[in-house]
Each structure stands twice: as structure tokens, then as C-alpha cells.
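Reader: Could you walk me through some of the charged pairs in this protein?

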Amino acid sequence: MRKAMYIGCCLLAGCLVGSCIDNEDHTASVDHDATVRVEVSAKRNVPVSTTRAFSEDIVNDMHVLVYNNSGKLTGHAFGTTNPLVVRALSGAGCTVYAVTNTGNPSLFSGSSVSERHTLLDMTTERIASLADIVVGDNLLMSGSVTTDIVKGENDIGDGFFVSRLAAKNTLRITCANGVVLTGYSIRNLPAKSWLIARPNPNEADADDAAVGDDAVSVSNPGDWFDTGTIAVTGTGPFSITFYMYENRRGGRVPVGGTTGDPSDETAAEKPVKKAHYAPPRATYVELYVNMGGASETYRLYLGADNSGNYNVKRNCHYVYRVSVGLSGILTVDGISIQDWEEKEEETVELD
């Protein structure tokens, strides 16, 4: 059941977009004999405009790039309305890519993406804060479809989905009487991501714990950032939401020749052991609490479970139910991977 829910979240979510602008100079020498009408769609309708300042779903602009089966660029267009029409070269086994919400019409100008492998090697710009992951008022998305393009008019719509480069994390925190949450910080956040997804072989499995081929390097400090302390007020329960680029760090790593045995660990031990056996650069949240005048710090490592999975995947919404008790006990009551559903009254915390 979890696997099916993950597929719905990570492979089907998308948005409506389009427009028509002529190809850029890097395909001017191609003898175009086809037009391709591209409509990037979603499993549910999303309004084209919104009164909200920020949207997880709306597509504001889109690049479409067409490559032949040899990996040569034969068409490119940028637009902001629906649909988007691009001039290209006919052929079998073409791959059509959509990259949305870049806010940059010239992102793929010149010959920078004349070969498909150069597009696949492109990353986002580095970010240095949680707020930077939002471009304009939207989240970056991308997707692709492989199809035959015939001479004349072509129409691609059904089955062409884009998905968010970001993961969404929601922490629902309940504190026992006498425990006060005063703040939190987030550590080991990736500063960049691939524009085009590089999925693991079992990416659609919610429990997949393979290390991902991510755009960031564990050995490069410039690929990572931490937040400062973010203050929290009130008595709770608390709901903390933030977005981050994918960070697939895999499973537990050995410490002293062992990775422990999660099946033998109590609910209170699991978060502690997950922190103990965490791989380098796994993302975690530090929770700062006050108990009767004494300060305590808890580490909550992100991922698909509360014991040994450290993978945070693009286009997935992770919901953590966390309890902070007396005597220095933190428990994770459950982790679910949910579909993204915008809520009109939702408060999005970006710092």
C-alpha cells in the first residue's frame, strides 16, 4: 500500500502549462519538418492563476527541449501559456523534456544543451537558505517522454507529467506537559539538484534505501548548508513545513563494525540509534526544548522510516509525527509519504 501511494506521489503529480515561442538560435540550422504541441498535465486540475503568493502546483513558465534518438537537440521553445508549440525534426525515439518555473527564458540559450547529455548534467543554481528553493512564487519541476515525431503536426499531452525537484517535509510535534519547544534548526541541506531526475532502480518503492546519484557531493562543503536557529513560540502541537532538494543517503552505516538491529530497539531508542548510524551528510532536524529550566537537544534524521532509511526523494511529501516526552525521550510515532494536496489556508514556513 505504501508503494502504491509513493508512485502516485512521485510519478503522477504535475501541472498545466504552455505557450508558443520560436526556437532559440542553437537549433536555427536544423531543417525543421515538424511541430510538436506539448501540454504538461496533472492527475488533477490545477488553476492557471491563484491569489496566493506561493503555490506548490502552479506552473508559471516552461522550457521544452526535443532530442533525436542520437541525443542531438532538434527543437527548443520557452513559453508561459497553454499549450507550448515547438518546431523540431521528425524521427523515431525522440525524447521531449519539460523544465518549468525557471523564470529564465535564456537558461538553455546558445549551444549549452545541443547534446542531451549536457542537459542531463545540468543542476539548479546553488541555494543558501530554505526560501531560495522557491523561484519567483513557484517550485521547479521537470519531466520527459519518449515518442516518435512525424512530419507535420504532433500533439503530446496524455501521459506527459512533470514532478517537483523539491521534497516537502512536515513535522507534527507534540510535547508532554512540562516540555517546551523553543526552536529548531535543519542540518545538511543540499544546495543544488539535478534539473532532470536520476532515479534509483527502485525509486518508486517507498522503502528504497539505495544511495542516490544526487547532484551534491559529500566531500564538498559548498554543496551543503544549514539553517540558523528558527524560534518557535506557543504551547503546540506544532506543525513545521519546509522544502529541500533530494538527499538520498541510503541506509545505516557501520559504527564499530556493526549497524545495530532496529528490530531490537525500543521506540525511544530508534531515533537515537538512527542518529548514531547515520551516513555522512544525511539531513536532520535539531529540536531545542526546555524541561523545567534545563535545555535539551534532539536530533530527528529524515527519511522513509524512523530507524534506518535516510532517503529524502524529490516530489514526495514526508509527514513525521513526533512526540517529545519527559526524561529526555523523543519518539517518532509514524512516518507517512503522502500525495501533495494544496490547502488554501496552509501556512508555508520558509526561512
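Reader: Is Arg 187 buried, exposed or partly exposed, and what is its relative accessible area?

Author: This is a predicted model, where local features need pLDDT of at least 70 and side-chain atom pairs count only at pLDDT 80 or more, while totals for chains, interfaces and linings use all residues. Residues are numbered from 1 along each chain as its sequence is written, and side-chain values use heavy atoms, with hydrogens and water left out. Buried means under 20% relative accessible area, exposed over 50%, and partly exposed in between (1.4 Å probe, protein chains only). Arg 187 is partly exposed, at 24%.

Reader: Which residue forms a salt bridge with Arg 187?

Author: A salt bridge is a side-chain nitrogen of Lys or Arg within 4 Å of a carboxyl oxygen of Asp or Glu. For Arg 187 the closest N and O atoms are 3.7 Å apart, and its partner sits 39 residues away in the loop between β14 and β15. That partner is Asp 226.

Reader: Okay, and is Arg 248 buried or exposed?

Author: Its side chain meets Asp 214 in a salt bridge of 2.7 Å, N to O. Arg 248 lies in strand β17 and Asp 214 in the loop between β13 and β14, so the pair ties together parts 34 residues apart in sequence; strands here are DSSP runs of E, at least two residues, numbered from the N terminus. With 0% relative accessibility, Arg 248 counts as buried.

Reader: Which residues are linked with Arg 248 in a network of salt bridges?

Author: Asp 214 is one of them, and Arg 248 also pairs with Glu 246 at 3.9 Å. The network links Arg 248 with Glu 203, Asp 214, Glu 246 and Arg 314.

Definitions and conventions:
Helix = DSSP H or I, 4+ residues; strand = E, 2+ residues; numbered from the N terminus.
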